[in-house]
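Please look over the sequence and structure shown here before reading the briefing that follows.

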Amino acid sequence: MNPVYYLYLAALLFTIGAAGVLVRKNAIIVFMCVELMLNACNLAFVTFSRLHGNLDGQIIAFFTMVVAAAEVVVGLAIIVTFFRSRHSASVDDADLMKL
Amino acid sequence: MTTSTGEAVQFWVLAIVAVLGALGTVTMRKAVHSALCLAGTMIVLAVFYLAQGAYFLGIVQIVVYTGAVMMLFLFVVMLVGITAADSLKETIRGQRVATVVTGVGFGVLLIAGLANAHLSAFTGLGAANSGGNVEGLAALIFTKYVWAFEITGALLITAAIGAMVLTHRERTERAATQREMAEQRVRSGVQLPPLPAPGVYARHNAVDIPGLLPDGTPSELTVNATLRSRGQVRDLSGEPLTRVRELEDGADDYLDQDRPVRRDTSAANGSSEGAAQ
């Protein structure tokens with residue numbers, strides 16, 4: 001087996017995550033799909049690191065994880081704040097700026 | 001150069017699990033189920049990292065993603081409400097079909113691009129990991145990527161402060177004292193002393209049997225609100241009356257008969273008593 005199959009899997013997971021972001025309305029699930037996309041990118045980075053035989057790809061994946069952790073903290077805080085004011089976690093209810 | 005057969009088998013088995021988990025994340029109606037599916041996918045990805053020689057990242061994936069990030073997700077799901085299922089009504093007409101078409105197109109483009117790249121040979125991490133995976137990563141982070149490392153530290157501090165600022169609620173009025181809360185309770189006319197216990201003046205003291213008021217009617221207040229809303233209140237106050245009526249009917253039969261059949265009546269009594277229990 002060639003490690004390029006890991007890249008195919010990463011592409012598939014990224015596509016599923018992107019479709020989830022487009023389809024779902026619950027903000028928490030949308031967020032989970034974003035995490036899925038980040039994880040798919042990480043898998044691609046690790047696989048490229050193996051393909052090229054140097055560790056830079058793993059460093060980038062590590063930084064992605066750190067940034068994802070920070071993103072989750074702030075994003076979930078926004079969802080909690082939104083839920084407090086609207087009693088809903090649906091992205092359709094964030095429509096105050098809609099004409 | 002190819003990977004070992006063991007890794008190929010592991011890949012094909014776990015890739016199916018990963019894709020199923022990802023599909024579950026997208027399609028499950030409840031946020032908790034989505035979170036569990038996503039956790040499964042993340043654990044599978046951690047195994048893939050370990051299999052590909054990224055030992056440090058594999059462990060960090062389990063500790064940070066499935067350990068910290070998913071727990072944070074579940075925590076927020078609990079805060080927002082587990083039972084709140086997502087509505088499946090489409091806000092924009094035809095959005096779902098368009099999404100599937102777009103997703104398939106995007107996926108086909110991505111995979112075709114990868115297949116077109118002819119990545120047949122690969123180096124492997126044997127040489128790069130010769131001094132240890134963690135040591136190699138550390139040497140890179142603290143030399144070539146030290147600036148990015150410092151910046152991520154600043155980013156994490158900013159994120160922590162941002163989360164605190166976002167979720168902090170300033171108290172706009174003075175907190176009510178205990179005396180004020182007591183006065184409020186008296187004025188609002190709710191039940192002040194503790195609720196009466198179930199089974200008081202009743203024939204049982206089980207929690208689902210309401211206590212009887214002096215006039216013999218059951219009091220709903222004595223039973224737990226949860227049992228009441230579930231309709232699991234067992235009301236036995238009517239049963240003694242029916243038993244008395246049964247006894248009276250039996251007495252009529254007994255008086256009508258010429259010869260008393262003592263054995264039959266006692267058996268009937270016993271059976272009715274058994275039914276009452």
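How much area do chain A and chain B bury between them? In this predicted model, in which local features need pLDDT of at least 70, side-chain atom pairs count only at pLDDT 80 or more, and totals for chains, interfaces and linings use all residues, chain A and chain B bury about 7,000 Å², 74% of it on carbon and sulfur atoms. Buried area is the accessible area (1.4 Å probe) that two parts lose on being put together, summed over both. Residues are numbered from 1 along each chain as its sequence is written, and side-chain values use heavy atoms, with hydrogens and water left out.

**The interface**
- In chain A, the residues that lose the most area to chain B are A:Met1, A:Met32 and A:Arg50, together 11% of what that side buries.
- Contact (heavy atoms within 4.5 Å) links 67 residues of chain A with 84 residues of chain B.
- Two salt bridges cross the interface, each defined as a side-chain nitrogen of Lys or Arg within 4 Å of a carboxyl oxygen of Asp or Glu.
- A:Arg50 and B:Glu7 form a salt bridge through their side chains, at 2.9 Å from N to O.

**Helix α4 of chain B**
- Helices here are DSSP runs (H or I, at least four residues), numbered from the N terminus.
- Within α4(B), the residues B:Thr99, B:Gly103, B:Gly107 and B:Leu114 are buried, meaning under 20% relative accessible area with a 1.4 Å probe and protein chains only.
- These residues lie on the same side of α4(B), because they cover an arc of only 55° around the axis, taken from the directions from the helix axis to the C-beta atoms.
- What covers the buried residues of α4(B) includes α1 (4-23) of chain A.

Methods: Chains are lettered from A and ligands numbered from 1 in the order in which they are written. Buried means under 20% relative accessible area, exposed over 50%, partly exposed in between (1.4 Å probe, protein chains only). Helices (H or I, at least four residues) and strands (E, at least two) are DSSP runs, numbered from the N terminus.
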